Amino acid sequence: MPAITIIGAQWGDEGKGKATDLLGEHVDYVVKFNGGNNAGHTVVIRQEDGTSEKYALHLLPSGILTAGVTPVIGNGVVVDLAVLFEELTGLEARGVDISKLKLSASAHVIADYNRQLDKVTERFLGSRKIGTTGRGIGPTYADKVNRIGIRVQDLFDESILRGKVEGALELKNQLLSKVYNRRGFTVDAVVEDLLSYADRIAPMVCDTGLLLNQALDRGETVLLEGGQATLLDVDHGTYPFVTSSNATSGGACTGSGIPPTRIDRVVAIVKAYTTRVGEGPFPTELFDASGDYLRDNGHEFGTTTGRPRRCGWYDAVIARYAARVNGVTDFVLTKLDVLDGLEEIPVCVAYDVDGVRHDEMPVNQSDFHHAKPIFEMLPGWKEDISGARSFADLPANAQAYVKYVEEISGAPMSVIGVGPARDETVIINSLT
Ligand code: IMP
C-alpha cells in the first residue's frame, strides 16, 4: 500500500489523529501537507501499564509519536518556527524520538507580522470576521500567492532573507500603521528572529518531494495527513469561512510533491455527528440541549484555541460531497460512542432551500446559508459501546446506524471509533 491520504470530511476535528496513529505502525513516512499550527490533533496512547498518555499536537504530524516513522512537513505547510521548537522540546522531554523529522525547503514560514495581521484583520472585519485561529495562517498563504512569502530555504541566505523581509514590510508596515493604527515591525527584528532558527532547522531541511518519491520507488508506505477538512478547503469549502489552504485530497499532491497517480487510497475521517469552530454556515447545528449533550459527551472544545465547538447531527449531504471531491475510498466513522444513550438519532439526508429539496450541496453559498436539514430519524441504543471490537459486538441499532449512514454517504465505513484510545476501534476493512 504505497501512498494513503487521510483527510477530514466535515469542518475539522473529526479525530484524524487517531486514524493516523492507527495506521502509523504500518507506514514509513507521515506527511503533513497543508495548514500550520491552526490544526490540533489529540492522540491518546495507552501505555503498557494501562495508563493513557495524551498528546496535543498543532504543527507536527502525529506520526512523530510512532517509533520508526519518518515525519515530514511538506512544502504546502506554513511553519511557525517558534511553535515547531516548542512542540519538539515538549516531546523530547517526554522521551519521544524527534531526530527523524524532515522539513521541506519550500515550506513557507509564518513571520511575526503575519500573526499580528491575522489578529487585527479579524478585529477590523467585526461581524464579518472568519473566526480564524489567529495564528497567521491566512496572511502567510496570501503572501505565498502574492509571491512575497518567506520560505524555509531563505533562512540560509541572509541577504536574500533581508531583501524579502524588506519587500514584505514596505507594504505591511503601511497597512499596520495607517489602516490598523498599530506599530510596524523593523526589518532587523524580523530577520534576527528568523535567523535564530537557521542552525537548528538545517539538519531537517531537504527536498521532501524527492525524498518521498524515492521512498515510494522503494515500495515504502507514505501517509499523507491533511490538516483541517473538506468544508474548510479554500476551493471546495464554505468560502469565505474556510482556511487558506487545500485540505482536500488534491492538496495532498500539491502540498507534498507526490503526483495523483501515486496515491492509492483516500481515507476520509467523518464524525458520527458534526462539529464546527469559527464562523460560517452549518445546516444541522443544534442550539438546544441535544447540542450540549454532544458537546459535553464528545468533549467538543478546541485543541488549539479551547473554544467550545458548535455541534449538530450527522449531515450525509456533506459526507457525499466529501466522498466526491476527495475520491474517498474508505470512511473512518469516529466517536460513535458519543451517541450512546440517545432515544432517537436524526440524520440529515437532504436540505430544504426555500421549499426546494437539495440532495447535493447547493451551488450557491447563500442557499447553503439558509438550507434547512431534512432528517431521517433512527432509533438509538442505550448500551455503552466502548468495549466493542467487532461489528457484531455493536448493539443492533448501532449497527443499523452505521449501515444507514454508509449507504447514503458514498463510500464504505471501514473503521469505527468507539472511544478515544487507539484500541477502542472496530475495524471492518483494514486500511493497510
Ligand atoms: P485559520 O485556519 O486560522 O485561518 O481559520 C480559518 C477557519 O478554519 C476558522 O473557522 C477556524 O476555526 C477553522 N480551522 C482552522 N483550523 C482548524 C482545525 O484544525 N479544526 C477545525 N477548524 C479549523
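Author: Contact here means heavy atoms within 4.5 Å. This is a predicted model, in which local features need pLDDT of at least 70 and side-chain atom pairs count only at pLDDT 80 or more, while totals for chains, interfaces and linings use all residues. Residues are numbered from 1 along each chain as its sequence is written, and side-chain values use heavy atoms, with hydrogens and water left out.

Setting aside residues up to four places away in sequence, Val-222 touches Pro-2, Ala-3, Ile-4, Tyr-29, Val-31, Leu-212, Ala-215, Leu-216 and Ile-258. Val-222 belongs to the largest nonpolar core, which has 56 residues. (A nonpolar core is a set of buried Ala, Val, Leu, Ile, Met, Phe, Trp, Tyr and Cys residues joined through side-chain atoms within 4.5 Å; buried means under 20% relative accessible area, exposed over 50% and partly exposed in between, with a 1.4 Å probe and protein chains only.) Val-222, Tyr-314, Phe-331, Leu-333, Leu-336, Leu-339 and Tyr-401 are the members that touch the most others. Helix H13 (residues 396-409) supplies the largest share of this core, five residues. (Helices, H or I of at least four residues, and strands, E of at least two, are DSSP runs numbered from the N terminus.) A second core of 40 residues is separate, and Val-43, Leu-59, Leu-81 and Phe-85 are among its members.

In helix H6 (residues 187-195), the buried residues are Val-190, Val-191 and Leu-194. They fall within an arc of 95 degrees when H6 is seen down its axis, so they line one face of the helix; the arc is that of the directions from the helix axis to the C-beta atoms. An α-helix has 3.6 residues a turn, so residues three or four places apart point the same way. The partners packed against the buried residues of H6 are helix H2 (81-93), strand E8 (108-109), helix H3 (112-125), H5 and helix H7 (198-201). In helix H4 (residues 137-146), Ile-137, Pro-139, Thr-140, Tyr-141 and Asp-143 are buried. These residues of H4 pack against strand E6 (78-79), E8, H3 and H5. Just after H4, Arg-147 has a positive phi of about 65 degrees.

Charged side chains come next. The structure holds 22 salt bridges, each a side-chain nitrogen of Lys or Arg within 4 Å of a carboxyl oxygen of Asp or Glu. One of them joins Arg-309 to Glu-300, at 2.8 Å from N to O. Both ends are covered: Arg-309 is buried at 5% relative accessible area, and Glu-300 is buried at 0%.

Glu-360 takes part in two bridges. One is with Arg-320, where the closest N and O atoms are 3.9 Å apart. This pair links distant parts of the chain, 40 residues apart: Glu-360 is in the loop between strand E17 (356-358) and helix H12 (365-369), and Arg-320 is in helix H11 (residues 316-326). Glu-360 is partly exposed at 38%, whereas Arg-320 is buried at 18%. The other bridge joins Glu-360 to Arg-324, also at 3.9 Å from N to O. Arg-324 is exposed, at 52% relative accessibility.

Bridges with shared partners join Asp-13, Lys-271, Glu-300, Arg-309 and Lys-335 into one network.

Most residues other than glycine have a negative phi, and most peptide bonds are trans. Asn-181, in the loop between H5 and H6, has a positive phi near 60 degrees and is exposed at 68%. Tyr-239 and Pro-240 are joined by a cis peptide bond with omega of about 5 degrees; Pro-240 is in the loop between strand E10 (222-225) and helix H9 (249-254).
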